[in-house]
Amino acid sequence: MRRRSFLKAAGAGGVSALLAGCTGTGGDEATTEASGDATETTATTTEGTTAGGESPTLTVGTYGSFVDAPSSSPGPWLKETFESEFDAALEWQTPDSGVNYYIERALRGVESGADLYVGLDAQMLVRIDENLDDALFSPAEGLSRLGDVNEQLNFDPQGRAVPYDTGYISLVYDETYGDGDFVAPETFDGLLESEYAGALLAQNPTSSATGQAFLLHTIDAKGEDGYLDYWASLKENDVRVLGNWEDSYNAYSNGEAPMVVSYSTDQVYAAESGEDMARHQIRFLNDEGYANPEGMAPFADASNPDLAAEFMDFVLRPEVQAEIAVRNVQFPATTTAELPEEFAQYAQEPPEAVTFTYDRLQNNLSDWTDAWAREFASK
C-alpha cells in the first residue's frame with residue numbers, strides 16, 4: 001500500500017482543490033492534480049496521421065487510462081476504427097490532471113485546444129458549473145443515435161454530456177482470505193461489525209471518482225444527517241482510505257485486505273486474465289450499486305464541432321458500444337449494444353441502481369465532500 005493513512009483534504013485556495021474530484025471515472029482512474037498555471041501544463045497527445053495534411057484533425061481530451069491502461073483501453077481501437085472510415089485524424093489529449101487542465105485554461109481565458117472531452121460524470125459537471133461563469137461545453141446537437149441511450153443514464157439536464165458507458169460501484173472481496181471462508185457483509189451496517197475491522201479498502205472522495213461515488217452511496221443509505229456518523233464508525237472499524245482506485249486495488253491485489261471498493265465488472269477482467277474467481281467476488285451492499293455513467297461533450301470553442309458530432313454518433317453505434325464496454329470493462333450506455341457472451345456472464349448488475357441526479361448534486365456536492373474532509377480525513 002503506497003499510502004496507509006487517511007489523506008488530508010486539499011486546501012480550498014486553488015482550482016485543483018475546488019475540482020479535486022474531476023478526474024476520470026474508469027477503472028484505472030487518473031487522480032493527479034492540475035498544475036498551477038494551465039498555460040504551462042502539457043497535455044500528452046497521440047498524433048493522428050492525415051492524407052497530405054489536408055484532412056481535419058479531431059482533438060479529443062480524456063483521462064489517461066482510456067488510452068493507455070496497462071490491460072486494455074478503448075482509445076487506440078477507437079482511433080484506428082474511426083480513422084479507417086472517416087476522412088479525418090483523431091488526436092487524443094491525456095493531460096495528467098484530466099478535465100482540470102481545460103477548466104484552468106478557461107479560467108485564464110485560454111482556448112481549450114480540443115473539440116470534445118470523453119470521461120465526464122455528473123459530479124464533474126456540477127463542479128465545473130460551480131466554478132466557471134462561461135460554458136466549457138456546448139449542447140450535443142445533430143446526433144442521430146441519441147435516442148438509443150438508456151434514458152435512465154442521462155445525467156446532464158443541459159444536454160451537453162451524452163453517456164457512452166456506465167459502471168456500478170460495489171465491493172470486490174476475496175473469499176479465500178484468512179482461513180479461506182471470508183464472506184463480505186450484505187449491508188452498510190454490516191461493514192461496522194467487529195469481524196470486519198480493518199477489512200475494507202476505500203478511496204478518498206476528494207481525490208477519487210470511485211471514492212466520491214461510494215461516499216454518495218453512503219449519503220443515499222444514511223441520509224445527509226447520518227453519513228458523517230456512519231463514516232466515523234467506519235473509521236473506528238479501521239477502514240483504510242487511500243488516494244485513488246489504483247492505490248487501493250493494488251493493496252487489495254497484494255492481499256493487504258479482503259475487501260475493496262471497486263466495480264461490479266471486476267470478474268470480467270479476472271476471467272480474461274485467468275485469475276482465481278474466488279478472489280473476485282462481488283457484493284452489492286443493501287442490494288444496491290451506485291451507477292456512475294460516463295459521458296462525452298463537445299467543447300464550446302471546438303474548432304470542428306460537426307466532426308465532433310460525427311464521432312459521438314460513431315461512439316453510440318451498437319458495435320462500438322460493445323467494444324468500448326469490453327475494453328473499458330463497463331456497461332454500454334445504449335439499449336442497442338449486444339455484449340459478448342463471456343462479458344455478459346461475468347459483468348454483474350445490481351438488483352437496484354442508485355445515483356444522484358445533477359439537480360440533486362448541484363449546491364450540495366461541495367458541501368458534502370468538504371464536510372467529509374473536515375470531519376473525517378483531517379482527523
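**Entry 1: helix H11**

I began with helix H11 (residues 318-328), where the buried residues are Val320, Gln321, Ala322, Ile324, Ala325 and Asn328. I kept in mind that this is a predicted model. Stepping just past H11, I found Val329 with a positive phi of about 55°.

**Entry 2: salt bridges**

Next I turned to charged pairs. Side chains of opposite charge can pair when their charged atoms come close. How many salt bridges does the count come to? I got nine salt bridges.

One of them joins Arg317 and Glu85, with the closest N and O atoms 2.6 Å apart. Arg317 sits in the loop between helix H10 (305-315) and H11, while Glu85 belongs to helix H3 (residues 74-85), so this pair ties together parts that are 232 residues apart in sequence. I then checked the cover on each partner. Arg317 is buried, with a relative accessible area of 15%, whereas Glu85 counts as partly exposed at 46% relative accessibility.

I looked at Asp174 and Arg279 after that, and their side chains meet in a salt bridge (3.3 Å, N to O). This pair also links distant parts of the chain: Asp174 is in the loop between E5 and E6, and Arg279 is in the loop between helix H9 (266-272) and strand E9 (281-283), 105 residues apart. Asp174 counts as buried because its relative accessibility is 5%, and Arg279, at 30%, counts as partly exposed.

The Asp156 and Arg160 pair came next, with its closest N and O atoms 3.0 Å apart. Both Asp156 and Arg160 are buried. I also noted a network of salt bridges that links Asp129, Asp156 and Arg160.

**Entry 3: strand E3**

Is strand E3 (residues 89-93) enclosed or open? Five of its five residues are buried, so E3 is largely enclosed by the rest of the structure. In a regular strand the side chains alternate between the two faces of the sheet. In E3, I saw Ala89, Glu91 and Gln93 pointing one way and Leu90 and Trp92 the other way, all of them buried.

For its neighbour I looked up strand E2 (residues 57-62), which pairs with E3 in the parallel sense over five bridges. Leu58 has Leu90 in E3 as its bridge partner.

**Entry 4: strand E6 and its partners**

E6 is covered on both faces: Leu200 and Ala202 on one side, and Leu201 and Gln203 on the other, are all buried. Which strands does E6 pair with? Strand E8 (residues 259-263) runs parallel to E6 and is joined to it by two bridges, with Leu200 standing opposite Met259. Strand E7 (residues 240-242) pairs with E6 in the parallel sense too, over three bridges, and there Ala202 has Val241 as its bridge partner.

I followed the chain on from E7. Gly243 is found in the loop between E7 and H8, and it is buried, with a relative accessible area of 3%.

Asn244 lies in the loop between E7 and helix H8 (245-253). At 7% relative accessibility, Asn244 counts as buried. Its C-alpha atom is separated by 6.6 Å from that of Ser207, 37 residues apart along the chain.

**Entry 5: a charged patch**

Last, I checked the surface. Glu186, Asp220, Asp287 and Glu352 form a negative surface patch. Glu186 is in the loop between strand E5 (162-173) and strand E6 (200-203), and its relative accessibility of 57% means that Glu186 counts as exposed.

Conventions
Residues numbered from 1 in each chain as written. Predicted model: local features only at pLDDT ≥ 70, side-chain atom pairs only at ≥ 80, totals over all residues. Heavy atoms only, no water. Patch = residues over 30% accessible without salt bridge, like charges linked within 9 Å, V, L, I, M, F, W, Y side chains within 5 Å. Areas by Shrake-Rupley, 256 points an atom, 1.4 Å probe, with all protein chains shown as cover. Salt bridge = Lys/Arg side-chain N within 4 Å of Asp/Glu carboxyl O. Lys, Arg positive; Asp, Glu negative; His and termini not counted. Charge placed at Lys NZ, Arg CZ, Asp CG, Glu CD. Helix = DSSP H or I, 4+ residues; strand = E, 2+ residues; numbered from the N terminus. Buried < 20%, exposed > 50% of the residue type's maximum accessible area, 1.4 Å probe, protein only. Pairing = 2+ DSSP bridges.
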